[in-house]
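Open the model in your viewer and keep the selection panel at hand.

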Amino acid sequence: MIYFDNAATSFPKPESVYRAVDNTLRNIGASPGRSGHTMTLEAERIVFNVRELIAGLFNISDSSRVIFTNNATSALNLGIKGVLSDGDHVITSTTEHNSVTRPLKSLERKGVEISKVKCPDEGKIDPKDVASQIKGNTKLIVITHASNVIGTVLPLNEIGNIARKNNIIFMVDASQTAGCFPIDVQSMNIDLLVCSGHKSLLGPQGTGVLYVREGIDLKTLCEGGTGSDSEKDTQPRFLPDRYESGTLNTPGIAGLGAAIEYIQDTGIKKIREHEKKLTKLIIEELSKIDGTIIYGTTDIEKRAPIVSFNIEGFDAANIATILSEDFDIMTRVGLHCSPDAHKTIGTFPSGTLRFSFNYFNTEDEIHAGVRAIKEIINSKC
Amino acid sequence: MLALERLKKLLTQSVKSDAYCLIVFKTTYETLRAEKLFKKNNTKCKIIIKPRVISSSCNLAIIIDPDFLDQALEIFKTNLLKPLNLFRIIDDNIIEIDFKAIEKNWRDDEK
């Protein structure tokens, strides 16, 4: 089996991730932050240590500002809906995932004004276009670090500078880049950072992260038991408890911690170099096939390991089905939950076929994928 | 105040004598941060379930040997950690240590 669907969720995981999840479920099953007995303390220490690891990965000075969520979508909802109120203006881009687009649309109905900056040239964004959208009531700029459809990386440094100069909260969706691109919340002026735990961070599903810079007070989306301030019927003011109601996914968080340790031991630079090599190879090989249209930037330095394409005369869904059924190659076809991105590249509503890689993919797998595509095309001819 | 005999038996793992210091933070996060810093600085400590008579939003408390109190305070100062309560417990006597006064002294020293 060949797995090219890492932008949806990474597979396989590092061995240490499986072991951490199993060990936590099997031996440390207690609820963190609750009872205080030795098992619960062990669970709490796991959660604390992973918070510290995440803080270290993104140069976050205070790990209590790292909030665990169920996934990137819940982190984005908490950040977006926690910041914006009726009368506020928000700037976003036309390459966003529905996990940004839909919460914003929901807020638009409640009086929030949205400006979408176009990304016409291979999904790129011009920071000047972001600056030109700023108004007196602009409260938030929320953008993806890299498109989940075409992989194009957006210029965080420049946009972060614009946000800071204009005293606007800067929120970044790093679902496709955390763990394979260096991210520094301080030098990039990121106020709210969202990560999926199970994509490029290589952890288990059911894990997400929201970093909230000190001084930003988000409205809560979910209230309940936190194991703290229990005598009160109101949510604690202090972090992380304020935004972490209910029992945490301790096995998942333990797995995420093991994944981050794996990434740190391997080195982001090495991971990135390997993924760049695979991305470059698939683009070169697919380009040799007549009728192939590859979307997104050709600059590998500004591309996450994601390649979306179509082949003229072929339905991408049929190719994906045959790849799965006959060649045991897992890919994703369609709109990838990002209709705006497809409108941007002109592939709405039919979508594209997407190959997305992680550190465990190999050049041999790339060649096998290309051979399979050629066989499918030739079988029709 | 505490179920002393049983507790003291447990505490002997962490303290040399019948006396010990009990430290309470506002949050579990701070408690675990303190534990991590204590361990890093070879300050022997133990987390216990906080006695109910002590009011705090956190369910936990840390105990240390009184010999390590100065070292612990230095760790708090360096790492901007603020305990909610500090107690010195000798046999049945519980003496609250005024951390706010200690903090004030630190500020005065810096002036």
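Two strands count as paired if DSSP finds at least two bridges between them. Helices (H or I, at least four residues) and strands (E, at least two) are DSSP runs, numbered from the N terminus. What you are looking at is a predicted model, in which local features need pLDDT of at least 70 and side-chain atom pairs count only at pLDDT 80 or more, while totals for chains, interfaces and linings use all residues. Residues are numbered from 1 along each chain as its sequence is written, and chains are lettered from A and ligands numbered from 1 in the order in which they are written.

**Stop 1: the sheet of chain B**

Select the five strands of chain B that make up an open, antiparallel sheet, in the order E2-E3-E1-E4-E5. Which strands stand at the edges? They are E2 (45–49) and E5 of chain B, and each has a single partner strand, so one side of each lacks a neighbour in the sheet. On average, neighbouring strands here are turned by 30° against each other, direction ignored; the axes behind such angles are lines fitted to C-alpha atoms, for helices over the stretch in contact, and angles run from 0 to 180 degrees between N-to-C directions.

Now go through the pairs:

- E1(B) with E3(B), residues 60–64: three bridges, antiparallel. Look for Cys21(B), which stands opposite Ile64(B).
- E1(B), residues 20–24, with E4(B), residues 85–90: five bridges, antiparallel. Here Val24(B) has Asn85(B) as its bridge partner.
- E4(B) with E5(B), residues 93–97: five bridges, antiparallel. Ile89(B) faces Ile94(B) across this pair.

Stay with the hairpin of E4(B) and E5(B): two residues lie between the strands, and Asp91(B) takes a positive phi near 50°.

**Stop 2: two helices of chain A**

Select H3(A), residues 72–83, and H4(A), residues 98–108; their axes come within 9 Å and cross at roughly 35°. The crossing is right-handed, meaning that the near helix is turned clockwise from the far one by less than a right angle.

Show side chains where they meet: Leu76(A) and Ile80(A) are among the H3(A) residues, and H4(A) contributes residues including Val100(A) and Leu104(A). Contact here means C-beta atoms, placed from the backbone, within 7 Å. Ala, Val, Leu, Ile, Met, Phe, Trp, Tyr, Cys and Pro count as nonpolar, Asp, Glu, Lys and Arg as charged, and the others, Gly among them, as polar.

**Stop 3: where the chains touch**

Finally, display both chains: 14 residues from chain A and eleven residues from chain B take part in the contact. On the chain A side, five are nonpolar, five polar and four charged.

Note on methods. Two residues are in contact if their C-beta atoms, placed from the backbone, lie within 7 Å.
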